[in-house]
Amino acid sequence: MESQNPQFQHTSTFETNVPHKPTSFSPANFIHKVKTNLDFRSKWTELNGAMGDLGTYIPIVLALTLANDLNLGTTLIFTGIYNIVTGSIYGVPMPVQPMKAIAAAAISGSEFGVPEIMAAGILTGGILLVLGVTGLMQLVYKLIPLSVVRGIQLAQGLSFALTAVKYIRKSQDFSQSKSKGERPWLGLDGLILAIVCACFIVIVNGAGEERREETNEETNGDFGDEERPREELNGDMGDEEQTMRKGRKFRKIIFSLPSALIIFLLGVVIAFIRRTKVGDDIRFGPSSIVVVKISKHAWKEGFIKGAIPQLPLSILNSVIAVCKLSSDLFPGREFSATSVSVTVGLMNVIGCWFGAMPSCHGAGGLAGQYKFGGRSGGCVAVLGATKLVLGLLLGRSLVKILYQFPVGVLGVLLLFAGIELAMACRDMNSKEESFVMLICTAVSLVGSSAALGFVSGMLLHVLLKLRNLISSNASCSSMSIDTSHTHGTYS
């Protein structure tokens, strides 16, 4: 189902770079496919895109580490491997995000510790793995109407944006998952810093990809070599043309800056400045990786409080919405719900036994990385390699640095990721589709439940289809009655 959003029409790059499907499996074909999937479209934009998911990743991982003693080093190692593998498989910036419902249960409940978190992740991953292997997930993907998926995406995008505004406006205590009060205007984590970062991103990135197309047109609009000598004969016109060319070159440089990468590096510098004795707190070396012992009580609590609320969110946002959004952003590189469900399942069935945070893909992360320039699997592979190095080099000590990272800056990154995801819903052209989407979004936001919004959207979609069917049958009956009455009159 193709989107009519103009943002998604500039796809010639991807159509020409789609790796061919080998007729038979061989190591050479496999290596060629991995190299193609990891190939950068543009070095700086891909690195910039890798930062687009951190506004979601860092706050949740930091909260779980502080509140529940999650092993940050193990989580970084495993999620880094997930990033590298998924980038190699899919060839697009497929994100690896925390499972948000499980994280919310862990942060809000004192009795929901690491064993319960891991049990919830294993159970959720196991169910998704079964749904993928049996083909049931692909069936669900085909049956769910696009308007309902867009409603879930819009709700998730607006939820990210609202959370981002909260991060920007108010100081946060991630260990307690609550706000501490209004954020001061000045300081290394003040409102002015966040506002300046937001303005910088708008200036560099604009509203999205349309701005880059316009920039390319301006760049390609320079006078050709055949016209230059004639213009240079006229001194005034030569100076004017030279000024215009310098202006275009300056705009091209500004618009090509890796805005998210620059802002993230600024946040890292500020984190080190805020923790003046950071060197005394760092211990080099990886964390010890051990198998988590899970009791019967932990399995029960993990299933009831973690897996049950997480499953609808994972199915809808981590699989269905990701597949729909990837087909919008990367035509020609569509992925089956089966493969996405299997990769999410395997990540958790393997990693959670060793204490790694329950993880999934997410439409918000995909939209955020795309917003800032991520176009290939190399984008997330670089992010994964960075996580892997940090996990092996610093382990748990990294949390002491992340705790000083300016939250307002993270809020800015999360804000643009959420808006990008919400903007994917612009292809709802009919009033009926928009009606279903908005009802689904409203219920999802107010009830804080994607499952409730999904049920409401599906019910509304079915009712509208029944209404249309009844109306068409009534119209046909009316026409047949009028026709027979006409024939009776003539006879």
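Predicted model: local features only at pLDDT ≥ 70, side-chain atom pairs only at ≥ 80, totals over all residues.
## Helix 9

Let's start with helix 9, which covers residues 146-169 and has 24 residues. From its first C-alpha to its last it reaches 34 Å, close to the 34 Å you'd expect at 1.5 Å a residue. Helix 9 is also mostly covered, with 17 of its 24 residues buried.

## The strand 2 and strand 3 hairpin

Next up is strand 2 (residues 170-173), which runs antiparallel to strand 3 (residues 178-182), with four bridges joining the pair. One of the residues to look at here is Q172, whose bridge partner in strand 3 is S179. The two strands make a hairpin with four residues between them, and S177 in that turn has a positive phi of about 55°.

S171 sits in strand 2. Is S171 buried or exposed? It counts as buried, because its relative accessibility is 18% and the cut-off for buried is under 20%. Setting aside neighbours within four places in sequence, S171 is in contact with K178, S179, K180, G181, E182, R183 and P184.

An unreviewed UniProt entry places the feature "transmembrane region" at several stretches, including residues 117-141, 148-165, 185-204 and 401-423.

How do a couple of these look in the model? Residues 117-141 are 92% helix and 0% strand, and their end C-alpha atoms are 28 Å apart. For residues 401-423, the span is 83% helix and 0% strand, with the end C-alpha atoms 34 Å apart.

Methods. Residues numbered from 1 in each chain as written. Heavy atoms only, no water. Expected span 1.5 Å × (residues − 1). Buried < 20%, exposed > 50% of the residue type's maximum accessible area, 1.4 Å probe, protein only. Pairing = 2+ DSSP bridges. UniProt positions renumbered as here; feature names shortened; annotations may be inferred. Contact = heavy atoms within 4.5 Å.
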